[in-house]
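The sequence and structure are shown first.

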Amino acid sequence: MSTLLAFYLLAINAVTFGAFALDKQAARREARRIPERHLLTLAMIGGSGGAIAAQQLLRHKSRKEPFRTALWSIAALHLILIAVIVYRAR
């Protein structure tokens with residue numbers, strides 16, 4: 001089970017990073033963008049690490065509010081969930 005979870009998290013974070021990269025390219029070309037709710041949904045379903053990495057490395061949506069606050073709130077929620085899981089596993 002933990003191998004499957006690790007594979008899922010790796011995949012969803014890669015997909016999320018890729019979505020941020022595609023949205024950044026679309027922004028530069030002034031083309032059709034990926035809706036913010038889709039980017040936040042990808043973060044919520046496990047891709048918060050990829051989203052934060054893309055935000056920092058690509059400098060994409062790093063100043064836009066309330067998107068930035070929502071993304072960091074999702075990441076904080078994920079960290080709390082990880083802490084609870086680790087604590088209960090002891």
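## Helix 3 and its packing

Helix 3 contributes Phe67, Leu71, Ile74, Ala75 and His78 as its buried residues. These buried residues pack against helix 1 and helix 2. The coordinates belong to a predicted model.

## Overall architecture

The chain holds three helices and zero strands, giving the pattern α-α-α along the sequence. Its C-alpha trace spans about 50 × 25 × 20 Å along the principal axes.

Of the 90 residues, 29% count as buried. Among contacts between residues at least 6 apart in sequence, 67% join residues at least 24 apart.

## The aromatic pair

One aromatic pair is found in a search of the whole structure. Phe20 and Phe67 make up this pair, which is tilted, with 6.1 Å centre to centre and 55° between the planes. The pair links distant parts of the chain, as Phe20 belongs to helix 1 and Phe67 to helix 3, 47 residues apart.

Phe20 and Phe67 are both buried.

## Gln55

Apart from neighbours within four places in sequence, Gln55 is in contact with His60, Lys61, Ser62, Arg68, Leu71 and Trp72.

## Surface

The chain exposes about 6,500 Å², of which carbon and sulfur atoms supply 66%. Leu5, Tyr8, Leu9, Met44, Ile45, Leu77, Leu81 and Ile85 make a nonpolar surface patch of about 720 Å². Helix 1 (2-29), helix 2 (36-57) and helix 3 (67-89) are the elements that give two or more residues to this nonpolar patch.

Tyr8, one of the patch residues, is located in helix 1. With a relative accessible area of 38%, Tyr8 is classed as partly exposed, because that class lies between the 20% and 50% cut-offs.

Definitions and conventions. Residues numbered from 1 in each chain as written. Predicted model: local features only at pLDDT ≥ 70, side-chain atom pairs only at ≥ 80, totals over all residues. Heavy atoms only, no water. Patch = residues over 30% accessible without salt bridge, like charges linked within 9 Å, V, L, I, M, F, W, Y side chains within 5 Å. Areas by Shrake-Rupley, 256 points an atom, 1.4 Å probe, with all protein chains shown as cover. Salt bridge = Lys/Arg side-chain N within 4 Å of Asp/Glu carboxyl O. Helix = DSSP H or I, 4+ residues; strand = E, 2+ residues; numbered from the N terminus. Buried < 20%, exposed > 50% of the residue type's maximum accessible area, 1.4 Å probe, protein only. Contact = heavy atoms within 4.5 Å. Phe/Tyr/Trp six-rings, centres within 6.5 Å; stacked < 30°, edge-to-face > 60°.
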